[in-house]
Amino acid sequence: MNDLEGLAPEQIERISKARERVIDSIGKNMDLYGVTLSIGHLYGYMYFKQGPVTLDELSKSMGMSKTSMSTGVRTLLDLKMIDKVWGKGTRKDLFEASSDWYQNFSDYFSIKWRKAVESNMNALSRSLSEIRAIKEEYSEDEALAALLSKDEDKIEDAIKYYRWLLKLIVALETGKIFELIPKEE
């Protein structure tokens, strides 16, 4: 269904131009956070779409291949920015944009940050173990022990930071962040 159907051509043009500006802005913003511009545009397009759409409809309206569209939709699903929905009388998959930008932000950053935290914590833990093993192996070498102690302190500080970041992630995931920084009504 075209929500602009029945409007005068001038009205359609003006509304379309305003929407395109927002869609482009969404795309550029998401590009800053590691999501391609085209996927950002896809979300923006779906955000303004009245109701769910199929991959075919998206591909046709955005002028992108079905393969690219499928990749974009999968990315947005993984980021929880769109939902797969059921549609009566169709066997094709239907997708709809989540319009809760607060939740989109929370989901996006908690997903991305959790992956980074897990990866970095593993690296830090392994390095800390290695440094402690070297320190123990060469315990009689005071200069080496002093150097390794400084490295150990730096790694422990980094681990504290990632534990703090995990708390922030949990606050995003549980919605507790909104108790600290309320949503605008």
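**Salt bridges, domains and a serine**

Tutor: Let's begin with Lys84, which forms a salt bridge with Asp93; their closest N and O atoms are 3.5 Å apart. Keep in mind that this is a predicted model.

Student: Is Lys84 buried or exposed?
Tutor: Lys84 counts as exposed, at 53% relative accessibility.

Student: How many salt bridges does the structure hold?
Tutor: Twelve salt bridges are found in the structure. As background, side chains of opposite charge can pair when their charged atoms come close.

Student: Okay, which residue does Asp24 meet in a salt bridge?
Tutor: That would be Lys28, with an N to O distance of 3.0 Å between the two side chains.

Student: And where do Asp24 and Lys28 lie?
Tutor: Both are in helix α1, which covers residues 9–32. They are four residues apart, and that is about one turn of the helix. Asp24 is partly exposed, with a relative accessible area of 28%.

Student: What about Glu152, which residue does it form a salt bridge with?
Tutor: Glu152 pairs with Lys135, and the closest N and O atoms are 2.7 Å apart. Glu152 belongs to helix α6 (residues 142–174) and Lys135 to helix α5 (residues 101–137), so this pair ties together parts that are 17 residues apart in sequence.

Student: Is Glu152 buried or exposed?
Tutor: Glu152 counts as buried, because its relative accessibility is 10% and the cut-off for buried is under 20%. Lys135 counts as partly exposed at 24%.

Student: Changing topic: what are the domains?
Tutor: The domain assignment gives domain 1 as 9–98 and domain 2 as 102–180. Their C-alpha centres lie 36 Å apart.

Student: How many residues of each are in contact?
Tutor: Nine residues of domain 1 are in contact with six residues of domain 2.

Student: And how much area do the two domains bury between them?
Tutor: About 660 Å², with 59% of it on carbon and sulfur atoms. On the domain 1 side, Tyr33, Leu79 and Lys80 lose the most area to domain 2, and together they make up 64% of what that side buries.

Student: How many salt bridges are there between domain 1 and domain 2?
Tutor: The count is zero. By class, the domain 1 side that touches domain 2 has five nonpolar, two polar and two charged residues.

Student: Last topic. Where is Ser110 found, and is it buried or exposed?
Tutor: Ser110 is in helix α5. At 4% relative accessibility, Ser110 counts as buried.

Student: What does the side chain of Ser110 reach?
Tutor: The side chain of Ser110 reaches the backbone oxygen of Ser106 at 2.8 Å. A polar atom of that side chain also lies 3.2 Å from the backbone oxygen of Asp107.

Student: Which residues does Ser110 touch, not counting those up to four places away in sequence?
Tutor: With those set aside, Ser110 touches Ile169, Leu172 and Glu173.

Technical notes. Residues are numbered from 1 along each chain as its sequence is written. This is a predicted model: local features need pLDDT of at least 70, side-chain atom pairs count only at pLDDT 80 or more; totals for chains, interfaces and linings use all residues. Side-chain values use heavy atoms; hydrogens and water are left out. A salt bridge is a side-chain nitrogen of Lys or Arg within 4 Å of a carboxyl oxygen of Asp or Glu. Helices (H or I, at least four residues) and strands (E, at least two) are DSSP runs, numbered from the N terminus. Buried means under 20% relative accessible area, exposed over 50%, partly exposed in between (1.4 Å probe, protein chains only). Domain bounds come from an automatic or database domain assignment. Contact means heavy atoms within 4.5 Å. Buried area is the accessible area (1.4 Å probe) that two parts lose on being put together, summed over both. Ala, Val, Leu, Ile, Met, Phe, Trp, Tyr, Cys and Pro count as nonpolar, Asp, Glu, Lys and Arg as charged, and the others, Gly among them, as polar. A polar contact is a pair of N or O atoms within 3.5 Å; within protein, one must be able to donate a hydrogen and the other to accept it, and residues adjacent in sequence count only if both atoms are side-chain atoms.
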